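Please look at the sequence and the structure below before reading on.

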Amino acid sequence: MSRARVRRVLFLAALCCLCLALNLPAGAASRERSYVKPLPSAAPMEQAAPDETAQPDTQDEDEDEGEITFTDITPEDAESGDAAEEPAPVAETTDPPAYQHISNDSRVEIWEKSENGSVYFAAEIWLTDPSQIRSAFSSEQFDGPTETVEDIADRNGAVLAINGDFAVFNNGGIIIRNGEVYRQHNSTRQLLVIDANGDFVPYTVPPEDPDEAVAAFLAEGVLQTFVFGPVLVENGEAVPLPHDFFINTKGAREPRTVIAQLGPLHYLFVVVDGRQDQYSRGMTLLEVQEMMVSCGAQTAFNLDGGGSSTLYFNGNVLNRPANGSQRRVPDIVFIGE
């Protein structure tokens, strides 16, 4: 072997040794604690064309037999300001969350699940103050021009947002948002109240006297009310689904939006995609109800679904709305920064 070739071999061997010596443990470069982990398949949804005649879906959503088990843990280190240091895993699931957001006073973890022909997103939320669950109206006014969930969420600085109950579609029910009364009428729809402690109080039978109820709610410091339904879970138990209701409760598979409480200041938002046979069929209300019970929900309430069902996180819409683009809606439920 020539001296030149020997020198070349020695140089390459030395170079390999240097590379091995400098090789860092897998993931070391990413250990600067970035708690927002994008899902590869996620992409911002296109906005729907203006549709001022949009109406809520009065059909049922779809099935899901996903076994997610959530632990009842709040961000204990939030008060000390250590939440941004090294949060311990809190959700007992097979896979880590696809998305995660940690701040000093809140935590959000989101899973994407695909089971039994249905795709859904489950966002588990830990807060430190009841006022962190907020609502916002389109065009910054009740009964104003509708907008996409993304537009409303962006304007309000939301970290996480879902569509609400399409509050302006009918004139019935008690609407309180962020502690302010917008409507107090009788309704045949069911009611969810979020009280001053951030606890969910469901009404399968709406208050007989809305004026009296509103006075009591305000005196008690009620923060939010939502008029839709049905109530899916109360006191940790499945609630019989009504047979005569304004949406189909019999067994139709549809996109769904559900809001649930797991424990004190501990919540779950679920959005189920549907009406897309090659992607997701949707779920029945019974299937969603069974999932809520299996997740440990103490209270769960069905919001507007169908084409309205949308999940927004940190600037992007994560799910695939049934219409192929976002429906314009009058209100959202959101968690801010």
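The paragraphs that follow walk through aromatic pairs and then through charges placed over rings.

This is a predicted model, in which local features need pLDDT of at least 70 and side-chain atom pairs count only at pLDDT 80 or more, while totals for chains, interfaces and linings use all residues. Residues are numbered from 1 along each chain as its sequence is written, and side-chain values use heavy atoms, with hydrogens and water left out.

A search of the whole structure finds 9 aromatic pairs; rings of Phe, Tyr and Trp (its six-membered ring) pair if their centres lie within 6.5 Å, and planes under 30 degrees apart count as stacked, over 60 as edge-to-face and the rest as tilted. One of them joins Phe 137 and Tyr 182 edge-to-face, at 4.9 Å centre to centre and with 80° between the planes. Phe 137 lies in strand 6 (residues 133-137) and Tyr 182 in strand 10 (residues 180-184), so this pair ties together parts that are 45 residues apart in sequence; strands (E, at least two residues) and helices (H or I, at least four) are DSSP runs, numbered from the N terminus. Phe 137, Phe 142 and Tyr 182 form one aromatic cluster.

Charged side chains also meet rings, and a charge sits over a ring if NZ of Lys or CZ of Arg is within 6 Å of the ring centre and within 35 degrees of the ring normal. Arg 107 lies over the face of Trp 126, 5.6 Å from the ring centre, and the charged end of Arg 189 sits over the ring of Phe 246, 3.8 Å from its centre.
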